[in-house]
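Please walk me through this structure, from the overall fold down to single side chains.

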Amino acid sequence: MPTMELRAAARAKEPDSPWLDQVFCEDALAGLARIPDGSVDLILTDPPYNLGKDYGNASDQQSVEEYLAWTERWIAAALPKLKANGSLYIFLTWRYSPEIFVMLKKRMTMMNEIIWDRRVPSMGGSVRSFSSVHDTVGFFVARKDYYFDLDAVRIAYDAETKKARSRSIFIGAKWLEVGYNPKDVWSVSRLHREHSERVDHPTQKPLEIIERMVKASCPPGGVVLDLFMGSGTTALAARRCGRHFVGFELNPDYCAIIEERLAAQDAAALAAVDAASAAAPAAKPARAKAAKTAPTAKAAKAAKATKATAKAPAKATTKATTKAPVKATTKATTKAPAKATTTATTTAPVKAAAKRSAKTAAIVKAAKAPKATAARTKPVAPKRSRIPKPPEEISL
Ligand SMILES: C[S@@+](CC[C@H](N)C(=O)[O-])C[C@H]1O[C@@H](n2cnc3c(N)ncnc32)[C@H](O)[C@@H]1O
């Protein structure tokens, strides 16, 4: 991860926005009241699809009428949180996307229907219809001057394509160097058990696709809202990309997973900073300044311990906590943010790891460059791309 993004990721919470960089373990509709109107750059959300999945609650098992009425309610409550130039991405399936797209089209402009091809291998499946292997993602904007940074998400051409376009008309074509528009069919494998990113959540999304949305549609230092965090992929992606996040999750076990994933990611980020400063002597003064806050050896030890904790627990802890009735725990934790929930539902090492990660975040913050501060206080609009459009875009 680039250093600037790391620095931004490690910055402290805005003192006047206590809701920032938190996942609240509570009902999204109730929790939205915490967030001021017009304060969010991007709503990126993945609500229950109403396909009968078990999230430890009944959110995916409603009647069609109830589900659509509930969807109307949360959309009406969430959209005022968006800034005027904000955007929304919503994951759906073919089953209810027509109805929900119509709801959103009454309030916003639809820019794309993105197909996430989950690259599900052919394994028999349906015999009376075609097997469904994609998610339908709607991309909506509120106004014409919406934020969109295509250059941040271009995909590099492979060597073969570059070679094929070596004729004189392509020589000097900058777009060939900077890569192509990701288009609206995204072929990214769903997460299998053997993927290191995978945790214990039935509909966890790959970081790769969430990061693409964040980079394209939220300015650096901006705020991403996910009403239905699940395993926290949106929070992780936002932090990795140097954006703030806020969101909600009903199931305390998933809230614990989110806390663990964030702590592990912070520990890995710190280890990367350590490795970079060890390799580059120029970084040493900043590191020395950081050392005043906490001794380096102590921080390294903390990072190591956090890493160790992060490697094991997601599954084990969840297993332990899922045994307790979700309903009962929910009652105790709904009003508290994810942090408080973790205290109640996770094991001691996780709590310690989270503490250590806060400490180590402070160290990284001390090394923060003024450039990163500027990005935090004033989200910048991307410069208009001067890159000439490649032929396939022109022909559209
Ligand atoms: C489709 S999953 C989200 C998965 C997530 N994108 C990920 O990558 O892990 C939807 C989540 O919404 C949660 N949920 C359902 N109803 C909710 C509500 N009213 N408020 C907050 N969370 C809710 C469910 O518990 C479930 O974890």
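What follows goes from the whole chain to the sheet, then to a helix and the aromatic side chains.

This is a predicted model. The chain has 396 residues, and 48% of them count as buried. Its secondary structure comes to 17 helices and 8 strands. Take the contacts with a separation of 6 or more: 76% of them are between residues 24 or more positions apart.

Start with the sheet. It is open, with 8 strands in the order E1-E8-E7-E2-E3-E5-E4-E6, and its pairing is mixed. Strand E1 (22-24) and strand E6 (185-187) stand at the edges. Each has a single partner strand, so one side of each is left without a neighbour in the sheet. From one strand to the next, the twist averages 15°.

Now look at the E8 part of the sheet. Strand E7 (residues 223-226) and strand E8 (residues 244-248) run parallel and are joined by 4 bridges. Leu225 has Val246 in E8 as its bridge partner. Helix H8 (residues 233-240) packs on the sheet here, where it touches E1, strand E2 (40-45), E7 and E8. The direction of H8 makes about 170° with that of E8. Another bridge partner in E8 is His244, which pairs with Val223.

E7 also pairs with E2. These two strands run parallel, joined by 2 bridges. Leu42 stands opposite Val224 in E7.

Which residues of E7 are buried on each side? Val223 and Leu225 are buried on one side, Val224 and Asp226 on the other, and both faces of the strand are covered.

Move to E4. It runs antiparallel to E5, and 8 bridges join the two. Asp117 stands opposite His134 in E5. E4 pairs with E6 as well, this time in the parallel sense over 3 bridges. There, Ile115 has Val185 in E6 as its bridge partner.

Next comes helix H4 (residues 97-105). Its buried residues are Ser97, Ile100, Phe101, Met103 and Leu104. Why do they lie on the same side of H4? They cover an arc of only 155° around the axis, which puts them on the same side. An α-helix has 3.6 residues a turn, so residues three or four places apart point the same way. What covers the buried residues of H4? The cover includes helix H3 (64-78), strand E3 (82-92), strand E4 (109-117) and strand E5 (134-141).

The aromatic side chains are next. A search of the whole structure finds 11 aromatic pairs. One of them is Tyr67 with Tyr96, a tilted pair with 5.1 Å centre to centre and 55° between the planes. Tyr67 lies in helix H3 and Tyr96 in the loop between E3 and H4, so the pair ties together parts that are 29 residues apart in sequence. Tyr67 counts as buried, at 1% relative accessibility. Tyr96 counts as buried too, at 11%.

The ring centres of Tyr89 and Phe139 are 4.5 Å apart and their planes are at 5°, so the pair is stacked. Tyr89 lies in strand E3 and Phe139 in strand E5, so this pair ties together parts that are 50 residues apart in sequence. Tyr89 and Phe139 are both buried.

Trp70 lies in helix H3. Is Trp70 buried or exposed? It is buried, with a relative accessible area of 13%. Leaving aside its neighbours within four places in sequence, Trp70 is in contact with Leu29, Pro48, Gln62 and Phe228. Trp70 and Ser59 are 11 residues apart in sequence, and their C-alpha atoms are 9.8 Å apart in space.

Arg34 lies over the face of Phe24, at 3.9 Å from the ring centre. The charged end of Arg212 sits over the ring of Trp186, 4.5 Å from its centre.

Terms used: Residues numbered from 1 in each chain as written. Predicted model: local features only at pLDDT ≥ 70, side-chain atom pairs only at ≥ 80, totals over all residues. Heavy atoms only, no water. Buried < 20%, exposed > 50% of the residue type's maximum accessible area, 1.4 Å probe, protein only. Arc of directions from axis to C-beta. Contact = heavy atoms within 4.5 Å. Pairing = 2+ DSSP bridges. Axes fitted to C-alpha atoms, helices over the stretch in contact; angles between N-to-C directions. Phe/Tyr/Trp six-rings, centres within 6.5 Å; stacked < 30°, edge-to-face > 60°. Lys NZ or Arg CZ within 6 Å of the ring centre and 35° of its normal.
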